[in-house]
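I opened a new page today for a structure I had not looked at before. Here is what I looked up, entry by entry.

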Amino acid sequence: MSQIKILTGIDIVDIGRFEKALKEGGERLLSRMFLPSERSKISGQHLAGIFAAKEAVVKALSITRESWLLIEILNEPSGKPRAVVHADISYDVIGCDISIAHDGGTAIANCVVLVS
Ligand SMILES: CC(C)(COP(=O)(O)OP(=O)(O)OC[C@H]1O[C@@H](n2cnc3c(N)ncnc32)[C@H](O)[C@@H]1OP(=O)(O)O)[C@@H](O)C(=O)NCCC(=O)NCCS
């Protein structure tokens, strides 16, 4: 029987620095980091939260860094964020949950994944 494991990842983003980088990088950087589905709300705070969530998923699943377009962060109608992983991973994912918050100029996200 395969072993079930809990994996976690966390990331924190300085929203001001992130917005500055987006301004400097322009559309080219935006399209390297975010899928069209993630860009419905274009505020720096929202995008920083999505980026933190992508990094949290990368850490939990040990996916190669800079695989941002292979991780899609969506919002349920309630607003709750959800991750869809399009990357090849070496686990069978039983369940994955993410959470995002922003306050005091930072965005933070965590990811908890149950794998076998
Ligand atoms: C959801 C809620 C906890 C957000 O708290 P907040 O202190 O205003 O904001 P935070 O910075 O902590 O979190 C914001 C992030 O929470 C996430 N979020 C939004 N709605 C959520 C929900 N229902 N469940 C979990 N996470 C949620 C989003 O990622 C959001 O970021 P975004 O606005 O950039 O998309 C707050 O709005 C709340 O208590 N709402 C009432 C509960 C609710 O709406 N339940 C859903 C009923 S179906």
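**Entry 1: the overall build**

I began by reminding myself that this is a predicted model. I then looked up the secondary structure and found two helices and five strands in the protein. Reading from the N terminus, I wrote the order down as β-α-α-β-β-β-β.

Next I looked up the dimensions. The C-alpha trace spans about 50 × 25 × 25 Å along its principal axes.

How do α1 and α2 pack? I found helix α1, residues 15-33, and helix α2, residues 44-61, at an angle of about 75°, with their axes 10 Å apart. An angle from 65 to 115 degrees counts as roughly perpendicular, so α1 is roughly perpendicular to α2.

I listed who makes the contact. From α1 I have I15, F18, E19, L22 and M33, and from α2 I have G44, Q45, A48 and F51. Sorted by class, this contact has six nonpolar residues, two polar ones and one charged one.

**Entry 2: around the ligand**

Which residues are around the ligand? My list reads H46, G49, N75, S78, G79, K80, P81, I100, A101, H102 and D103. By class, the shell divides into six polar, three nonpolar and two charged residues.

I then asked where the shell comes from. Helix α2 and strand β4, residues 93-103, each supply at least two of its residues. The largest share belongs to β4, with four residues.

**Entry 3: a stop at D88**

My last stop was D88, in the loop between β3, residues 81-85, and β4. Is D88 buried or exposed? I counted 9 other C-beta atoms within 10 Å of D88. A residue with 12 or fewer counts as exposed, so D88 is exposed.

I also looked up D88 together with L70, 18 residues apart along the chain. Their C-alpha atoms are separated by 8.9 Å.

Definitions and conventions: Residues are numbered from 1 along each chain as its sequence is written. This is a predicted model: local features need pLDDT of at least 70, side-chain atom pairs count only at pLDDT 80 or more; totals for chains, interfaces and linings use all residues. Axes are lines fitted to C-alpha atoms, for helices over the stretch in contact, and angles run from 0 to 180 degrees between N-to-C directions. Angles under 35 degrees count as roughly parallel, over 145 as roughly antiparallel, 65 to 115 as roughly perpendicular and the rest as oblique. Two residues are in contact if their C-beta atoms, placed from the backbone, lie within 7 Å. Ala, Val, Leu, Ile, Met, Phe, Trp, Tyr, Cys and Pro count as nonpolar, Asp, Glu, Lys and Arg as charged, and the others, Gly among them, as polar. A residue is near a molecule or strand if its C-beta atom, placed from the backbone, lies within 6 Å of it. A residue is buried if 20 or more other C-beta atoms lie within 10 Å of its own, exposed if 12 or fewer, and partly exposed in between; C-beta atoms are placed from the backbone.
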